Amino acid sequence: TLTKVAVNWEDNKKGDKASSEPDELKIADVPVSVATKIESKAEESSESIVNMAKESVEDVKVEEKEEVAEEVEIPDTVIMEEPFLVADEVSENVPIVAEEQEEDSSSAPATTVEEVETKVETEAQSASQLKMPKGDRWAVASPGIDLSGKWKLIASDSFKAQYDSYLKSLGQPSLVRSVAVSIVEMTSEEVIQQDEGRSLCIKGKNLRGIWDRTLVSSGSDYDSAHDDENGHMLVPLVTADKEHVKAEAWWENNGTTHKSWLRGVKKYGGGDFESTRFLEDNMNKLVCESVFHPKDTKDNKDKVGGKPTIRWEFMRVD
């Protein structure tokens, strides 16, 4: 037996070779059958130890996983099912969201269109209820037409040449014309339109001074008609040359053009001044076309060049 084979270290002491440690047990000194059993037991013990170690490691890993799972508390289905579930929800919700957005976007313009249609109908009703004046000459301006503003003369070279010809047609000598042309670029006007165009106050300014006058319109009104053959209301007015004359005014072209006449001018051989005012360039330019109508006298008949005419153009500065 194994007990008989084992040799105590105390029995192996020999004389002066005694040692504190036992001699190495040699398998060669043991019978073969006994040695085989010893090796088998050793191998079994070694394998058993390795297997036990592996099982311990596996148990530790399992325990760690279980502990992590318990701490996080995430179900096993999240790993595989949740991504697909989220994808399905997204794919199902996208069309719904798109439809809702389309409904919202379509509903907004619909509301705007309804508001616009309502506004247009209201304005149309107001326009139909507002009876515009009859006839060609009105006492009032068309709604939206306003000559009010501060204006500066556009004194181009071509205008200065035209102005010189105009003064010459009025019988002005060369010296007077040259001075007048040299200072004409300093001309400006301030216009105040009031009472729906029935009153037009014009303040002209240049180096000669200030010419302030008010033109009062007459003609067909909203509640009354006017017979053009009966003439218009004459209002006293003082000209830039300090002459006392009579002025009459009205609106033409459906209330977009202001017409005025200064009657009874004695200077320049006598006659009447006609002025036509209207807006251009998106209401940023005021145009005044002036024509002098001489009296039917011998002196005026002898004048060359026909009726003195000039076109004044002012740009808005306010």
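1. N230 lies in the loop between β4 and β5 (235-238), where strands are DSSP runs of E with at least two residues, and helices are runs of H or I with at least four, numbered from the N terminus. The model is predicted: local features need pLDDT of at least 70, side-chain atom pairs count only at pLDDT 80 or more, and totals for chains, interfaces and linings use all residues. Residues are numbered from 1 along each chain as its sequence is written, and side-chain values use heavy atoms, with hydrogens and water left out.

2. N230 counts as exposed because its relative accessibility is 63% (exposed, over 50%; buried, under 20%; partly exposed in between; 1.4 Å probe, protein chains only). Between N230 and G219, eleven residues apart in sequence, the C-alpha to C-alpha distance is 9.9 Å.

3. S290 belongs to strand β9 (residues 285-294). With a relative accessibility of 9%, S290 is classed as buried. Residues up to four places away in sequence aside, S290 touches E274, S275, P308, T309, I310 and W312 (contact, heavy atoms within 4.5 Å).

4. The largest pocket holds about 1,200 Å³ of space. Of its 42 lining residues, Y163, R208, W211, A240 and W312 are the closest to its centre. A pocket here is an open set of points on a 1 Å grid over the protein atoms alone, where a 1.4 Å probe fits, with protein on both sides within 12 Å along at least five of seven lines; lining residues have an atom within 4 Å of a point. Grid points are joined across faces, edges and corners, and the volume is the space filled by probe spheres set on the points.

5. Strand β4 (residues 209-216) supplies six residues, the largest share of the lining of the largest pocket.
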